[in-house]
Amino acid sequence: MTFVTLLQALDEAAAGDYALGAFNVSDLVQAEAVLDAAAATASPVIVQAIAGGSAHASDERFWGALVGLIKTYDEVPVVLHLDHGPDFATCARAIAAGFTSVMIDGSLRADRRTPSSFEENVAVTAEVVEYAHAGGVSVEGELGTIGGVEGGTGEAKEIVLADPDQAAEFVRRTGVDALAVAIGTSHGAYKFDREPDGEVLRLDLTERIHALTSGTHLVMHGSSTLPAELRAEVNAYGGTLPESWGVPMAEKVRSIGMGVRKINQGMDSHLAFTAAVRRTLATDGLNVDPAGYERAGREAMRALLVDRMRDFRSAGQAKRPRS
Ligand SMILES: [Zn+2]
């Protein structure tokens, strides 16, 4: 069976002491890159999509095609996860489309900028949990607000760090299967203006929250490394990305030992894909067929994700006997 829920996949990861990468896809070509990397490394994987965030004209048509594509990869367990569901209705749409996991991001109000109150977050999250669990679907909630820009466009948000005592209460009152905790990371291609240390990247919070919420799997958002060589390649072919530091791989690996089982990183994939597309377009001025540059993007993204799956120790785990 290809499809598994987030809870099944993260329970396995906890038992085997590894983490799963959760990789954003904005079209079917990127989805193939993720699934090919998972198949090549025998890695369970989380494919995630943001509502309204794809290259396709309709979420429902894209999601339907995504479900069909995933079914052809029957050698690896795959979680199809909605990233940052803004409200109950969007989560319900994803569940109807066949997602096995949804994130309800109740950390922000409907304007997607103003932090919501703790009680507001609990209320909407508990409502989604009740609905999703009735259909056998997992739920990730978010506490505190993760900074930066989801999906790469819009206005950057302020970071509000998660509070460990509130995290325990949040998990108890909502029944979420996984919890995204704001520990200083941010979304997008610009994260830190220096190499992050213990003051900006608060892994100590992860450790305290894990101790208080035993049994709940923690999720780290905004975890791309932002490799300098990929930024340089994008910029060599017309990009204007500012210098920035992402989350060092060593810190991601360290977080696995602190209860982090889902590591969200969309931006590294996008950087690898876009760098290859820009290079291909720039070096072959006569070619107008998208197949060539999309193939180059897919292959570059696949190669990067193979490395990530090894680093997170999910590689090989699809072959591990299921508990
Ligand atoms: Zn996120």
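Which residue in E3 is the bridge partner of Val-45? It is Val-78. I will build out from that pair.

Some ground rules come before the tour. This is a predicted model, where local features need pLDDT of at least 70, side-chain atom pairs count only at pLDDT 80 or more, and totals for chains, interfaces and linings use all residues. Residues are numbered from 1 along each chain as its sequence is written, and side-chain values use heavy atoms, with hydrogens and water left out.

Now the strands. Helices (H or I, at least four residues) and strands (E, at least two) are DSSP runs, numbered from the N terminus. Two strands pair if DSSP finds at least two bridges between them. Strand E2, residues 45-49, pairs with E3 in the parallel sense, over five bridges. E2 also pairs with E1, again parallel, over three bridges. There, Phe-23 has Val-47 in E2 as its bridge partner. E1 has another neighbour, strand E10, residues 260-264. Three bridges join the two, and they run parallel. Gly-21 stands opposite Ile-263 in E10.

How covered are these strands? Buried means under 20% relative accessible area, exposed means over 50%, and partly exposed is in between, with a 1.4 Å probe and protein chains only. In E3, eight of eight residues are buried. In E1, five of five are buried. In a regular strand the side chains alternate between the two faces of the sheet. Both faces of E1 are covered. Leu-20, Ala-22 and Asn-24 are on one side, with Gly-21 and Phe-23 on the other.

Next, the metal. Which residues are the protein donors of the zinc ion? They are His-84 through NE2, His-187 through NE2 and His-221 through ND1, at 1.9 to 2.0 Å. Donors here are N, O and S atoms within 2.8 Å of the metal, or 3.2 Å for Na, K and Ca; water is not among the atoms, so sites may look incomplete. The sequence spacing is H-x102-H-x33-H. His-84 sits in strand E3, residues 78-85, while His-221 is in the loop between strand E9 (217-220) and helix H8 (228-236). That pair is 137 residues apart and links distant parts of the chain. Both His-84 and His-221 are buried.

On to helix H4, residues 88-97. Its buried residues are Thr-90, Cys-91, Ala-92, Ala-94 and Ile-95. They pack against helix H3 (59-71), E3, strand E4 (101-104) and helix H5 (118-134). Contact means heavy atoms within 4.5 Å. Just after H4, Gly-98 takes a positive phi of about 110°.

Now charges. A salt bridge is a side-chain nitrogen of Lys or Arg within 4 Å of a carboxyl oxygen of Asp or Glu. The whole structure has 13 of them. Asp-17 is in two: one with Arg-261, closest N and O atoms 3.7 Å apart, and one with Arg-313, at 3.5 Å. Arg-313 lies in the segment after H11, and Asp-17 in the loop between H1 and E1, 296 residues away. Shared partners join Asp-17, Arg-261 and Arg-313 into one network.

How accessible is each member? Arg-261 counts as buried because its relative accessibility is 10%. Asp-17 is at 38%, so it counts as partly exposed. Arg-313, at 34%, is partly exposed too.

Most residues other than glycine have a negative phi. Yet phi of Asp-17 is near 55°, a positive value. Phi of Arg-313 is positive as well, near 65°.

Another salt bridge joins Lys-262 and Glu-140, at 2.7 Å, N to O. Lys-262 is in strand E10 and Glu-140 in strand E5, residues 138-143, 122 residues apart. Both are buried.

Last, a charge without a partner. Is Asp-27 buried or exposed? Asp-27 is buried, yet has no salt bridge. The nearest side chain of opposite charge, Arg-298, is 8.8 Å away. For that search, Lys and Arg count as positive and Asp and Glu as negative; His and the chain ends are not counted. Asp-27 sits in the loop between strand E1 (20-24) and helix H2 (28-41). Its side chain reaches the backbone nitrogen of Val-29 at 3.0 Å. Asp-27 also touches Ala-55, His-56 and Phe-62, not counting residues up to four places away in sequence.

Notes
Polar contact = N/O pair within 3.5 Å; in protein donor to acceptor, adjacent residues only side chain to side chain.
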